[in-house]
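Morning, everyone. Please have the model up on your screens. I'll go through the sheet, then a helix pair, then a pocket.

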Amino acid sequence: MAKDRGEHNERACKQVDGEMTRFFELFGKRWTGLIVAVLTEQAAYFAELRRAIPGISERMLSDRLTELSAAGLVVREVDAGPPLRVAYRLTDAGKALEPALKELSRWAESHLPSGGSACPEQFRG
């Protein structure tokens, strides 16, 4: 190792917090936070979620809802119909995310550039 970087010190190498790792394994995926944000307002049918989140495919929405359900944050409810419809709502654990999501939204409003992209112009494709 180069002398100007100093010697390796294991105490200086921090491991990321386990809970934070678990959180970002789920919420670091595209669309997950937006789905939860929509559901904090009210329960929604699958088609309503699709309309509320422009650009998400049916397959991706289905996958993310399955993951959120497996994590205990979303409940899937089937309306017998006719027509048969599937609604989704947050569990108590999912509802507990609302204050954190609102705070993240306030932070983004204050600290991220507007216009739909946080990426500086010189880095956009």
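β2 and β3, residues 85-90, pair in the antiparallel sense, and six bridges hold that pairing. Keep in mind that this is a predicted model. Take the bridge partners one at a time. V74 has L90 in β3 as its partner. E77 stands opposite A87 in β3. D79 is partnered by R85 in β3.

Now the turn. The hairpin of β2 and β3 has five residues between the strands. One of them to look at is G81, with a positive phi near 75°.

Next, the other side of β3. β1 and β3 run antiparallel too, joined by two bridges. Find A87 again: Y45 stands opposite A87 in β3. So which order do the strands take in the sheet? The order is β1-β3-β2, in an open sheet of three strands with antiparallel pairing. That leaves β1 (44-45) and β2 (74-79) as the edge strands, each pairing on one side only. As a reminder, strands of a sheet pair through backbone hydrogen bonds, either parallel or antiparallel.

On to the helices. α2 lies across β1, β2 and β3. Against β3, α2 runs at about 90°.

α2 also meets a helix. How do α2 and α4 sit relative to each other, in terms of their axes? The axes come within 10 Å and cross at roughly 75°. Angles of 65 to 115 degrees count as roughly perpendicular, so α2 and α4 are roughly perpendicular to each other. α4 covers residues 58-70, if you want to select that helix.

Which residues make the contact? From α2, we have T32, I35 and V36. From α4, we have L61, R64, L65 and L68. By class, the contact of α2 with α4 divides into five nonpolar residues, one polar and one charged.

Last stop, the pocket. In general, rolling a probe the size of a water molecule over the atoms shows where empty space is left. The largest pocket here has a volume of about 530 Å³. Its lining has 20 residues. Nearest the centre are G33, L34, A37, L101 and L104. Which element gives the most? α6 does, with eight residues.

α2 meets α4 through T32, I35 and V36. Thanks.

Terms used:
Residues numbered from 1 in each chain as written. Predicted model: local features only at pLDDT ≥ 70, side-chain atom pairs only at ≥ 80, totals over all residues. Heavy atoms only, no water. 1 Å grid on protein atoms, 1.4 Å probe; cavity = no way out; pocket = protein on both sides within 12 Å on 5 of 7 lines; lining within 4 Å. Points joined across faces, edges and corners; volume = space filled by probe spheres on them. Helix = DSSP H or I, 4+ residues; strand = E, 2+ residues; numbered from the N terminus. Axes fitted to C-alpha atoms, helices over the stretch in contact; angles between N-to-C directions. Parallel < 35°, antiparallel > 145°, perpendicular 65-115°, else oblique. Contact = heavy atoms within 4.5 Å. Nonpolar A, V, L, I, M, F, W, Y, C, P; charged D, E, K, R; others polar. Pairing = 2+ DSSP bridges.
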